[in-house]
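This report describes one protein model in plain terms. Look at the sequence and the structure below before reading on.

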Amino acid sequence: MNRPTLRQLTIFLEVYRRKSVSVAAERLHMTQAATSIALRQLEAQLGGLLFNRTTRRLTSTPLADQLAPLAERMLEDLRRIEALTRTAEHSVSRVAIACTPTFAAYFLPDLMRSIHEHFPNVHIDVIDVSQSQFIPTITSRQADFGLGFIGFEDPELRQIPLVDDHLCFVSAVGSAHLPPEISWRELQHRPVAMISRSVGIRPMIEQACARAGIRLNVTHEVNLLSTALSLASAGVTNTIAPQQIVHLSGIRGLESSVLHGPWVKRHVSAILSCHHPLEHWPRQVLEHCIAYYEGLTQKTDGTGTGSTP
């Protein structure tokens with residue numbers, strides 16, 4: 001028989017406490033389908049039902065009532081082992097940082113260079129994960145804190161803004177003769193490559209379009225911002241992206257115009273769990289990250305038309 005995984009036990013305990021798959025899924029920042037699948041897999045491994053699903057509210061079975069305290073102890077013991085492992089590593093201090101794909105690709109390299117210069121004896125574990133796994137990596141304490149964009153408020157998380165950015169319209173240099181600013185309503189007849197819904201800015205784009213009363217002429221759907229920017233650079237289509245990403249992408253031949261009506265601001269943030277205070281070195285590294293981006297903000301205004309020749 002396959003052994004239950006820590007992920008399955010974590011999901012089980014959240015469902016057991018909440019008595020609701022949908023509420024547990026929301027708390028874990030997972031889809032309801034993925035949560036249900038994990039429960040069914042755990043039930044198959046244990047050979048019995050954990051919850052009665054005959055009513056709107058789940059009720060636990062005797063098997064679940066027996067498993068819950070065992071799972072609690074197991075996860076608590078694991079957290080103690082992880083803490084012991086960290087304190088035992090006297091020669092090298094370690095800090096684990098979770099990053100969203102966009103942050104890891106465009107913001108992280110220069111920041112890591114600065115961190116290594118200031119903390120040569122601190123080992124940095126970079127956990128670059130998909131957008132869907134970003135918050136669970138922080139709340140499960142796999143990472144000390146995270147760097148990226150999530151696009152919503154969560155009472156369980158503290159968000160410290162690092163970089164203020166605006167969404168902009170992006171095209172090949174000279175193809176659209178862009179002014180410094182352009183309204184959303186001016187986009188409705190222009191072709192655009194749209195980023196997938198798994199990327200945090202997609203809901204922001206859809207909300208802005210709804211407020212402006214337009215529907216975009218979507219010619220391509222892509223999963224990566226770099227793909228959308230490359231298509232725009234080649235003159236195949238246009239796209240919408242955070243202005244900082246356009247400048248940091250290194251893709252030549254792009255120009256951008258800040259979108260307004262409405263303005264859409266995007267905060268890249270440091271993200272921490274409200275329930276787990278940072279230890280000394282994670283706190284020191286986080287404070288350095290904040291100071292690093294405060295210094296960059298003083299050097300750049302981040303507005304107006306930009307181009308990469």
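How many bridges join S6 to strand S10 (residues 238–242)? Four bridges join them, and the two strands run antiparallel.

## Basis

This is a predicted model, in which local features need pLDDT of at least 70, side-chain atom pairs count only at pLDDT 80 or more, and totals for chains, interfaces and linings use all residues. Residues are numbered from 1 along each chain as its sequence is written, and side-chain values use heavy atoms, with hydrogens and water left out.

Strands (E, at least two residues) and helices (H or I, at least four) are DSSP runs, numbered from the N terminus. Two strands pair if DSSP finds at least two bridges between them. Strand S6 covers residues 157–172.

## Helix H9

Helix H9 spans residues 225–233, and its buried residues are Leu-225, Ala-228, Leu-229 and Ala-232. They lie on the same side of H9 because they cover an arc of only 95° around the axis, taken from the directions from the helix axis to the C-beta atoms. An α-helix has 3.6 residues a turn, so residues three or four places apart point the same way. After H9 comes Gly-235, with a positive phi near 80°.

Key:
Buried means under 20% relative accessible area, exposed over 50%, partly exposed in between (1.4 Å probe, protein chains only).
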